[in-house]
Amino acid sequence: MLERWTLVACAAVNLYLLGVMVLFAAVVYPQFGSVERGAFPPLYASFNGRIGVPVVAFEFLALILTLALYALRPAQVPLWAVHTAVALGVGYFAITFGLHLPSHRVLAAGDNSTPALGPLLSSQWARTGVQLLRAGLFSWALTR
């Protein structure tokens, strides 16, 4: 029974994270460019100050719960699915630390111009694509 609940929790966290990633990619980040440049630094600082628990914590929780499936995997879920989910999680963090977080440095300096937002949006869409695969894989696993 614990195996099934671990899978349900993992799927729920990953689906939640997919929703957050789509919201950021399609709504929040594109709107950064419409903010008057002088008003952008405090808005950006406020945004970053509020995403720790509802976003960053769930990014790490999604990976931790995926790793827990190695010990608590329902028998109907093949091991290759867990390996794939872990690989996608590692890929997600590679994009996050390699491309996405560096793109935030320019924004943190107060630049919300179109050229500054380009790397942020492209890395966010890449993260969203990886998260879509993760959520899809867990949704499939739930049906087994």
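**Close-ups of a predicted model**

Helices α4 and α5 each supply at least two residues of the lining of the largest cavity; helices here are DSSP runs of H or I, at least four residues, numbered from the N terminus. This is a predicted model, where local features need pLDDT of at least 70, side-chain atom pairs count only at pLDDT 80 or more, and totals for chains, interfaces and linings use all residues. Residues are numbered from 1 along each chain as its sequence is written, and side-chain values use heavy atoms, leaving out hydrogens and water.

**View 1. The largest cavity holds about 40 Å³ of space.** Its lining is made up of L7, L69, V77, A81, V82, A85, L137, F138 and A141. By class that gives 9 nonpolar, no polar and no charged residues.

**View 2. Helix α3 has a kink of about 30 degrees, centred on F58.** That bend is the angle between axes fitted to the seven residues ending there and the seven starting there. The helix runs over residues 52–68, and its end C-alpha atoms are 22 Å apart, which agrees with the 24 Å that its 17 residues should span at 1.5 Å a residue (1.5 Å times one less than the number of residues).

**View 3. E59 lies in helix α3 and is buried, with a relative accessible area of 5%.** Buried means under 20% relative accessible area, with a 1.4 Å probe and protein chains only. Beyond its neighbours within four places in sequence, E59 is in contact (heavy atoms within 4.5 Å) with L17, M21, Y92, F93 and R127. Other buried residues of α3 include V55 and L63.

Conventions
Buried < 20%, exposed > 50% of the residue type's maximum accessible area, 1.4 Å probe, protein only. 1 Å grid on protein atoms, 1.4 Å probe; cavity = no way out; pocket = protein on both sides within 12 Å on 5 of 7 lines; lining within 4 Å. Points joined across faces, edges and corners; volume = space filled by probe spheres on them. Nonpolar A, V, L, I, M, F, W, Y, C, P; charged D, E, K, R; others polar.
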